[in-house]
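This report describes a single protein chain from its overall make-up down to individual residue pairs. Please keep the sequence and the model at hand while reading.

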Amino acid sequence: MKITKGATPAIFPELRGSLAGLRWPCFAEIKYDGEACLIGYHTTAPTKIFTSNKYGTMRTDWSKLDRIQDILEDAGITEAVFLAELYYNSGKKGALYELLKNKDSDDLNLTIYDVGHLRWVDREMRGESTQLISRKEELGELFQDNPEFLPKVHLAKDKAQAEAYFKQATDDGYEGIVVKPLDGLLVRGPCNWVKMKFKDRTVYRVSKISAVSQRIEIDVPTGQQASMDGLSIPVVVGCGVKVTNKYKKDIQVGDMVEIEHQGVLDSGSLRHPVFIQKVRKE
């Protein structure tokens, strides 16, 4: 696999976090713990097929891309843009860490969950003007002999069925699901897709407070011990967290704060930490 950096960053729909206001029924898809990317394909380009993520990193010369290119050529498609997810192993919760360690591995997995556009010799489909159910049907036809490239999708008739599928997915070890109205168009920026996932909430000690920015630093215990002057002391990792001035003015070094996050990174820091509240002393 060949990886290059510096390409134009890909733009993805911005998912929201509430089921309120959705039009049912909806598709409910497994949310893999990986990295969102675009797949670009053009028969006349120097590099016919590639993936690109939001950081401007591109992947080419990859066996899975070669297989997708063969599928598109056999279908008579001349141009394509797909929305996809890269992940490692099963893509269950925590798999992102393995992906980050194996970014150049040919063993990465990929699932295609939407169509930006497809162009055949004689017709065209565009995501911003075609309902999701039609885009899904097209993906199903293209990859009917290669279903490993498509995500697990359920039809939820109402909120209760979506919540039940979320519980099933998380019980199976996935980080959550994404719920999408059948008639939705593909848009850049905020959209009506809803990401349902569990987040951890933990209390940490404040170790630093920035005097100039809306930021504090917390101590995240690693579970390890270090020896200093004959004493055994716990090892902690500093982790920065954004806190608006409205709340920061009431926080002091030594205070305990509740932080929502999506797990602990190999470095010991937190993944996507979000300040929730200062923990009041009883």
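**The chain as a whole**

The model is predicted. Its secondary structure comes to 5 helices and 17 strands. Taken along the principal axes, the C-alpha atoms fill a box of roughly 75 × 45 × 35 Å. The chain has 282 residues, of which 44% count as buried. Its accessible surface comes to about 15,000 Å², and carbon and sulfur atoms account for 49% of that area. Among contacts with a separation of 6 or more, 68% are between residues 24 or more positions apart.

**An open antiparallel sheet**

In general, the strands of a sheet pair through backbone hydrogen bonds, either parallel or antiparallel. Here, 5 strands form an open sheet with antiparallel pairing, in the order E15-E14-E13-E16-E17. Strand E15 (231-242) and strand E17 (274-278) stand at the edges; each has a single partner strand, so one side of each is left without a neighbour in the sheet. From one strand to the next, the twist averages 45°.

Strand E14 (residues 215-228) pairs with strand E13 (residues 200-209) in the antiparallel sense over 4 bridges. Val220 has Val237 in E15 as its bridge partner. E14 and E15 form a hairpin with 2 residues between them, and Asp229 in the turn has a positive phi of about 55°.

Is Ile218 buried or exposed? Ile218, which is placed in strand E14, is buried, with a relative accessible area of 0%. Leaving out residues up to four places away in sequence, Ile218 touches Tyr204, Arg205, Val206, Ser207, Val237, Gly238, Cys239, Val241, Val257, Ile259 and Leu270. As a distance reference, Ile218 and Lys92 are 126 residues apart in sequence and 28 Å apart in space, C-alpha to C-alpha.

Met256 is placed in strand E16 (residues 256-261). At 33% relative accessibility, Met256 counts as partly exposed. Together with Val203 and Val279, Met256 makes a nonpolar surface patch of about 200 Å².

Ser52 is placed in strand E5 (residues 49-53). With 6% relative accessibility, Ser52 counts as buried, because the cut-off for that class is under 20%. The residues Ser52 touches, not counting those up to four places away in sequence, are Thr8, Ala10, Phe12, Cys37, Leu38, Thr57 and Met58.

**Salt bridges**

How many salt bridges does a search of the whole structure find? The search finds 23. The table gives three of these pairs.

| Glu29 | Lys136 | 2.4 Å |

In the salt bridge between Glu29 and Lys136, the closest N and O atoms are 2.4 Å apart. Glu29 lies in strand E3 (residues 26-31) and Lys136 in helix H3 (residues 132-142), so the pair ties together parts that are 107 residues apart in sequence. Both Glu29 and Lys136 are buried.

Glu138 counts as buried at 11% relative accessibility, whereas Arg123 counts as partly exposed at 44%.

Notes
Residues numbered from 1 in each chain as written. Predicted model: local features only at pLDDT ≥ 70, side-chain atom pairs only at ≥ 80, totals over all residues. Heavy atoms only, no water. Patch = residues over 30% accessible without salt bridge, like charges linked within 9 Å, V, L, I, M, F, W, Y side chains within 5 Å. Areas by Shrake-Rupley, 256 points an atom, 1.4 Å probe, with all protein chains shown as cover. Salt bridge = Lys/Arg side-chain N within 4 Å of Asp/Glu carboxyl O. Buried < 20%, exposed > 50% of the residue type's maximum accessible area, 1.4 Å probe, protein only. Pairing = 2+ DSSP bridges. Axes fitted to C-alpha atoms, helices over the stretch in contact; angles between N-to-C directions. Contact = heavy atoms within 4.5 Å.
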